[in-house]
Amino acid sequence: MNPKDLSTKEPITWCPGCLNYMILESVKRAIAGSGLKQTDFAITTDIGCNSKIYDYLNLSGIYGLHGRSVATGVGIKLGNPKLKVLSFIGDGGNYNEGIAHFIHALRYNFDMTIIVHDNQSFSLTTGQPTATSQQGYVSKASPQGEKFKPLNPIKLALASNATFIARVNARDINHTAKVLEKAIKHKGCSFVEVIQDCLIFNKDMNNKDKMMYKIKDNKNKQVAEKLANEWDYNSKKGRIPIGVLYQEQELRR
Amino acid sequence: MKLNILIGGKAGQGINKISEIVNKILVEYGYFTFNYRDYPSLIRGGHNFNILSVSDERVGSIESQLDGIVTMDENTIKVHKSELKKEGFVIDFEKFKGLGRNLNIALAGALIKILGIDEKLLIGEIKKEFNNPESISAAEKGFASQKEKFNLKKLNNKINIMSGTQAIAQGAINSKIDLYLAYPMTPATGVLHELAGLQKKYGVEVFQSENEVGAVNQALGASFTGTKTMVGTSGGGFDLMTEGLSFQGMSEIPLVVYLASRPGPGTGVPTYTSQADLDIALSGGHGEFPRVVIAPGDPIECIEKTNEAFYLAEKFGCLSIILSDKHLAESEFSSDRSPNKILAVNVDRKLPGQEIVKRSSYEHDKNWNTIEDSETTKSNAENRLKKYENIKKELKKFQMIKIFGNKNSKNLIIGWGSTKTVILDALDSIDNSIKKTGNYKFLQVIYMKPLSDEIEKEIIKSQKTGGKVILVENNVTGQLGRRIREKTGIKIPNRILKYDGRAFNSDELKKEILNIK
């Protein structure tokens, strides 16, 4: 399979320069590199900018409801465990509307991949704060600044006993593609948090590339906990480790 | 001949075991039974009771006056004494102190003796069920403690006992269900337990989802892959699922929903019964899309209509809702009938894994890619309407209504769901009208959506001849009545509505029917 086979003729409606174009390319490369057939895959998507990827990937899939991409993906696995399921979802969908499905999917540990496009805001609804927006974020819905501290999704995933946790930089297509390929090959539920700038909303949190550094694949839970604590999603202080933050050695299920 | 026997005690004492043992023996003996279960929302203590109705003819309800009371605690007789007939009997738990866990078996033995059934049948049943010397001796002790009162003669009827819950599970198994998803909620939980117990035998997968929103979205994901899927819930869970029902309407992925209702709003009276969720079954979910709502009235219909629900969902890519309630789900019905032949449910569509298949919650073009243009939006809306018309045509094959009693009588009773069997019993005791000679006929509505055109004709026919048209429902607003009025413009003048969380008793319903002048 060539990455180009995965393209469709649908007009792309992301903003010019949106990081989603880069994520789309990484996903195509990872799928093409997986050694699997095109029909082996089924994707689920949410509602939000990220989920427009449904129209741009020539794969089987369901364009589901907001917050439910992961639940729909779990359903596909229940229906046909042979399918390779990729569930795309944004930070609002996964950490606000659908957080219960996310935690339980990690607990179920079906062989599927959850890809979260985290730009720290609800962008398609014009920039309201999500669970990963920084405190003080000024938006139309929070003119006095967001009151609450953000959630750390990596710590949540660790606490939920996830068997594969990775974080990547949307801008680094090659690295993201490699990590996604590992996530797809992982036997269990893999979670990939994609750090992504939004060019229109919550621009204060953009350009964190300098904070990011690549780590070697980690299989030690204590180390993973330290890595998770290096960045709190609330500031542009600290360092942001990217790569496979944790993979369970002895695979469950 | 008809007897109503109450068995009461605390939750956890095993009153269900008594009615189960006696029920099995009676059915083997050729008698029809109906077992009503009444229990509050607690696990140990409180006051639970069953009323077992026994008859030599078909029976599907209980009466308010009791022929006997079997007690497992002091409270039972205090609560129910006023319902006992003058000549009624009492089997007192005090007689059997020291039997511990075998108290219920002794009480079952005592009841069998009062009914005048052979001890051999009792011991045979206890051996089948428990097969330990203490239980057998408890049964003998109970049997020896009483004098025969009713002298029931053995009858030749071939009868099965089944609850609505078991029948829904059977209907799903008959349809070759692959996956059942649910979050526990009374009174739908029974089907979760029933199908979980049948997993190994039939290869059905049962998944307890993290919540109802998860269940319905997972169900659509699974059904997308060609898996025959059903979700089950009660009113509150159904509310949560409605976003998924609407998603079904757009994605056209087949979906069967089992909705077993209880009194609301809110948490309501969770272990009691109600027919108040017809409105949400008909309309839950945003946007306009086709659906089928079917309300079976007894276990045999539960088997048949669940099968039809699967058939229609798969054939049309539509939403099929099976509407039941606590009374139908948890009461135990006896029947000498067998269900119709099973309809094959064939999955005949493109599947992921074999080719590229897409489905969307967005408005879409024919390849399921997102669109927003007015022309496609309009034609897709019209296509969904057309689908509903096609479903209506298909339904000509199935029984959407049933008419019982004397087809030429002018008086017409209209009801649906779990009120079916009590209406039949009430009419039977009025003037044997079920034997097709009386002054009443009963129109049972089974398909709540689409609604049969025959309903309007029947009402007009009855009104033209000066007959009384009477609506019977277990809710406070007469939801089927409103549905009929919406569809036909006819307001049914007489309504008998019960909304205290309890099902109708046949004698009280009879009185209410006769009171309508």
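Helices (H or I, at least four residues) and strands (E, at least two) are DSSP runs, numbered from the N terminus. This is a predicted model, in which local features need pLDDT of at least 70 and side-chain atom pairs count only at pLDDT 80 or more, while totals for chains, interfaces and linings use all residues. Residues are numbered from 1 along each chain as its sequence is written, chains are lettered from A and ligands numbered from 1 in the order in which they are written, and side-chain values use heavy atoms, with hydrogens and water left out.

**Backbone spots**

Let us begin with the backbone. Most residues other than glycine have a negative phi, and most peptide bonds are trans.

A:Gln120 is buried, at a relative accessible area of 2%, whereas A:Asn207 is exposed, at 55%.

Chain B has cis peptide bonds to look at. One joins B:Thr186 and B:Pro187, with omega about 5 degrees; B:Pro187 sits in the loop between S7 and helix H7 (189–197) of chain B. Another joins B:Gly264 and B:Pro265, with omega about -5 degrees, and B:Pro265 lies in the loop between strand S10 (255–261) and helix H11 (278–283) of chain B.

**Where the chains meet**

Now for the interface. Counting contact as heavy atoms within 4.5 Å, chain B contributes 36 residues and chain A contributes 30 residues. The size of an interface is often given as the accessible area lost when the parts come together. Buried area here is the accessible area (1.4 Å probe) that two parts lose on being put together, summed over both. Between chain B and chain A it comes to about 2,600 Å², with carbon and sulfur atoms giving 59%. On the chain B side, B:Glu210, B:Ile356 and B:Lys358 lose the most area to chain A, together 21% of what that side buries.

How many salt bridges are there between chain B and chain A? With a salt bridge taken as a side-chain nitrogen of Lys or Arg within 4 Å of a carboxyl oxygen of Asp or Glu, the count is one. A:Arg68 forms a salt bridge with B:Glu243, the closest N and O atoms being 2.6 Å apart. Elements of chain B that each supply at least two residues to the side touching chain A include helix H10 (235–251) and strand S14 (358–360). Helix H9 (212–224) is also among them, and H9(B) gives the largest share of that side, eight residues.

The chains also share strand pairing, for which DSSP must find at least two bridges between two strands. Strand S2 (residues 60–63) of chain A and S14(B) pair in the parallel sense over three bridges, and A:Gly61 stands opposite B:Lys358 in S14(B).

**A residue within chain B**

Finally, B:Met400 is in the loop between helix H14 (374–394) and strand S15 (401–405) of chain B. B:Met400 counts as buried at 14% relative accessibility. The C-alpha atoms of B:Met400 and B:Ile446 are separated by 5.3 Å, though the residues are 46 apart along the chain.

Definitions and conventions. Buried < 20%, exposed > 50% of the residue type's maximum accessible area, 1.4 Å probe, protein only.
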